[in-house]
Amino acid sequence: MFSSQSTSEAVRFLKICALTLLAAAVAGCGGGETASETDAADAAGREERQAAMRAHMQAHFDSFHALPPAVTEGLERGEITQAEVNERIATGEFEKFFQFRTPADLPEGLVWEDGSDLPEIGSPEAKKGGTLYGSLADFPRTLRLFGPDANGSFRPWILDDTRMWFGRRHPNDTSIDANGNFRYLPGIAKAWAMDRENRTVYVKIDPEARFSDGEPITSDDMMFSLYFWHQDFIQAPWSNNFFKRNFTNITRYDDHTFSLTLPEAKPNMIGRVLELEPLPEHFFAELGEDYVQRYQWEFVPTSGPYVLEPENLKKGRSVTLTRNPDWWAKDKKFWRYRYNPDRIHLTVIRDTAKTFEAFRKGELSMFGLALPEYFYEKLPATDPLVADGYVHRAVFYNQIPRPTYGLWINSDRPYLNNRDVRVGINYASNWDKVIAEYFRGDYLRMRTTADGYGEFTHPTLRARPFDVERALEHFAKAGFTERDTDGVLMNAAGDRLSFTLSTGYENLKDTLTILREEALKAGLEFRLEVLDGTASWKKVQEKQHDIHFSAFNVGPEMYPRYWETYHSVNAYDVPWLPDGSPNPDRKLKAQTNNLQSIANPELDRRIEAYRASDDVDEMKRLAFEMEEILYEDGSFVPGFVIPFMRGAYWRWVKFPEDFNVKLARSLGEYFLYWIEDDVREETMNSRRSGETYPAVDAVYDQYREE
């Protein structure tokens with residue numbers, strides 16, 4: 001979407017980056033330079049890279065234009081060429097994406113909100129200090145927030161749960177206001193306003209807002225952020241598309257006021273803007289083609305309370321976050337009673353059993369008890385740690401869209417590209433037995449790909465039940481009719497109905513054993529492969545899996561998303577030919593959430609209509625139709641939903657009286673807890689002396705859904 005001018009600037013940018021990298025390499029190989037000469041060369045290289053970045057960003061500002069969704073999607077499908085778009089840009093058909101105005105240009109009559117009427121979060125009894133001891137199943141592959149390997153299990157600690165965003169949805173007041181928006185509390189933003197008719201959200205940044213390195217957060221950081229998210233070299237295709245498709249303009253009015261315009265006035269439009277976190281422009285002064293390598297292990301300054309110093313990153317062993325004593329929001333409503341520990345020490349423990357043993361020894365502060373074997377057997381209410389009051393247990397019922405636990409079938413793989421095989425796998429997967437036996441009946445069967453979205457969840461659709469006869473019927477249609485000596489079906493060519501079922505959930509591997517045993521009754525062989533979480537996610541992001549057991553941990557949004565996971569442009573590089581037929585030369589697209597490699601033109605059309613719609617009834621109709629198409633496709637086997645969270649924590653970890661918030665997905669997500677070190681010392685002494693305390697085994701069901 002660059003004009004010829006910006007293309008030439010981009011070429012110049014690449015040349016400068018290449019030359020500076022070459023200069024650095026040559027300097028490293030030389031034999032006679034002094035330290036001062038090396039320092040001077042390094043400084044010159046930095047200046048060159050910074051100049052290149054500024055030139056490239058300015059070229060982008062000058063030439064990037066807001067394209068209507070139909071044009072963007074036409075480019076994605078190959079129906080429109082970039083040359084055709086450039087011609088239309090040259091005629092002035094499209095406005096510039098990046099614009100600069102003054103406060104006098106702000107529309108009159110805007111109604112500014114600040115969320116100040118909403119109830120406080122957390123407990124005034126909370127105390128600052130102490131250390132939370134936690135664990136990681138694997139060491140993070142990167143500290144980058146975007147690009148390869150950035151979407152791993154460590155991400156919540158440095159992005160999702162610890163940065164403020166411009167505003168956060170209030171986690172207890174889940175009402176919808178007269179404008180069709182959820183209620184938001186202020187984060188980086190001091191106030192916001194919406195012009196629905198013009199599809200624009202206006203934001204006033206709190207003048208006190210600072211990044212963790214002390215630099216102020218300004219509108220320029222947001223201008224830079226959109227530039228950043230547009231760049232292909234960050235190797236984040238989801239971000240590239242999301243920010244090009246879902247925003248048509250950013251306008252800077254002054255240092256602390258900007259607006260973002262959306263292509264549609266969708267429900268909860270204001271959340272699309274407030275739920276953004278700006279990136280620090282000054283930190284990325286040397287941004288360029290080497291972004292992935294240059295910023296691989298650089299902690300990005302944050303608006304939130306926790307920072308990661310280089311000395312606290314122990315490669316392969318541990319990560320320690322420390323609370324910034326100068327955090328600008330530490331005394332502000334909604335934030336002052338949260339993020340209480342001074343330190344968060346995360347140790348790599350790759351085995352669940354070892355993690356549990358570390359918790360029992362008091363080396364970890366909390367432990368999740370979602371798995372029945374831990375709740376009922378390994379740490380029951382009768383366990384001395386619980387009965388004697390040293391460790392507390394809690395069951396908390398929440399109200400959230402449900403993570404998509406299930407089997408993700410890669411329909412690009414041999415035989416899995418046959419719908420009858422996929423539907424047969426659905427009927428051969430006995431999730432009801434898994435729920436009844438392994439999960440003790442505590443969990444529920446997932447019905448669709450989008451459970452928990454209220455009126456946007458399909459009201460009647462249900463997952464296929466375990467049915468050997470119907471599985472055999474579909475396998476026979478695919479040509480698998482005879483069994484070998486192991487009971488596995490074969491086709492006429494002698495190929496067995498056998499697929500690798502992989503997962504990164506080491507602690508749930510026994511559920512796959514049940515699925516494997518039951519599937520064999522229908523002649524289907526699952527070859528189980530249990531990987532660590534990071535390797536597992538890398539495998540599916542590269543689309544190297546057959547069938548994968550996993551889940552996307554969806555956020556508390558008003559309606560489900562479909563484009564990211566099910567649109568064909570996230571399955572293949574060029575999925576269709578101009579005439580709409582499948583492209584025979586298409587290649588799988590890595591680093592996207594389309595784990596099923598699903599490419600269905602009817603589904604694409606509905607996804608695009610759903611994204612373009614601002615009518616609630618139409619969106620619901622389209623959501624139901626898309627779920628029906630996905631059901632018929634059979635590339636996702638719904639697994640289970642967990643209607644609560646369960647956990648254990650030592651008595652020196654304290655929670656508010658009502659324990660947690662309605663939208664919480666884990667014990668610690670909202671950082672409402674605090675650590676009392678004096679109670680820790682008291683508890684350890686009591687264990688040695690035999691002194692006990694009243695048992696705490698609580699159920700919090702104030703948000704339980706019937």
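**A walk through the model**

Modeller: Let me start with a helix pair: the axes of helix α6 (residues 219-230) and helix α7 (residues 237-245) come within 7 Å and cross at roughly 125°, where axes are lines fitted to C-alpha atoms, for helices over the stretch in contact, and angles run from 0 to 180 degrees between N-to-C directions. That angle makes α6 oblique to α7, since angles under 35 degrees count as roughly parallel, over 145 as roughly antiparallel, 65 to 115 as roughly perpendicular and the rest as oblique.

Biologist: What should I know about where this comes from?

Modeller: This is a predicted model, in which local features need pLDDT of at least 70 and side-chain atom pairs count only at pLDDT 80 or more, while totals for chains, interfaces and linings use all residues. Residues are numbered from 1 along each chain as its sequence is written, and side-chain values use heavy atoms, with hydrogens and water left out. Helices (H or I, at least four residues) and strands (E, at least two) are DSSP runs, numbered from the N terminus.

Biologist: Which residues of α6 and α7 meet?

Modeller: Leu-226, Trp-229 and His-230 in α6 meet Ser-239, Asn-240, Phe-243 and Lys-244 in α7, with contact meaning heavy atoms within 4.5 Å.

Biologist: New topic: in what order do the four strands of the open sheet come?

Modeller: The order is β13-β24-β14-β27, with mixed pairing; two strands pair if DSSP finds at least two bridges between them. At the edges are β13 (366-368) and β27 (697-700), each of which pairs on one side only. Neighbouring strands of this sheet are turned by 20° against each other on average, direction ignored.

Biologist: And which helix packs on that sheet?

Modeller: Helix α10 (residues 352-360) does, touching β13, β14 and β24, and its direction makes about 145° with that of β13.

Biologist: Which residues in α10 are buried?

Modeller: Thr-352, Thr-355, Phe-356, Ala-358 and Phe-359 are buried in α10, where buried means under 20% relative accessible area, exposed over 50% and partly exposed in between (1.4 Å probe, protein chains only). Seen down the axis of α10, these buried residues fall within an arc of 160°, so they line one face of the helix; the arc is that of the directions from the helix axis to the C-beta atoms. They pack against β2 (131-136), β13, α11 (372-378), β14 and β24.

Biologist: Back to the sheet, how many bridges join β14 to β24?

Modeller: Seven bridges join β14 (residues 391-397) to β24 (residues 644-650), and the two strands run antiparallel. One partner pair is Arg-393 with Ala-648 in β24.

Biologist: What about β7, is that strand enclosed or open?

Modeller: Five of the six residues of β7 (residues 249-254) are buried, so this strand is largely enclosed by the rest of the structure. Strand β1 (residues 98-100) pairs with β7 in the parallel sense over three bridges, and Phe-100 stands opposite Arg-252 in β7. Strand β8 (residues 257-261) pairs with β7 in the antiparallel sense over five bridges, with Arg-252 opposite Phe-258 in β8. A hairpin joins β7 to β8 through two residues.

Biologist: Last one: where is Leu-672?

Modeller: Leu-672 lies in the loop between β25 (653-654) and β26 (674-675), and at 4% relative accessibility Leu-672 counts as buried. Leaving aside neighbours within four places in sequence, Leu-672 is in contact with residues including Ile-121, Tyr-337 and Phe-659.
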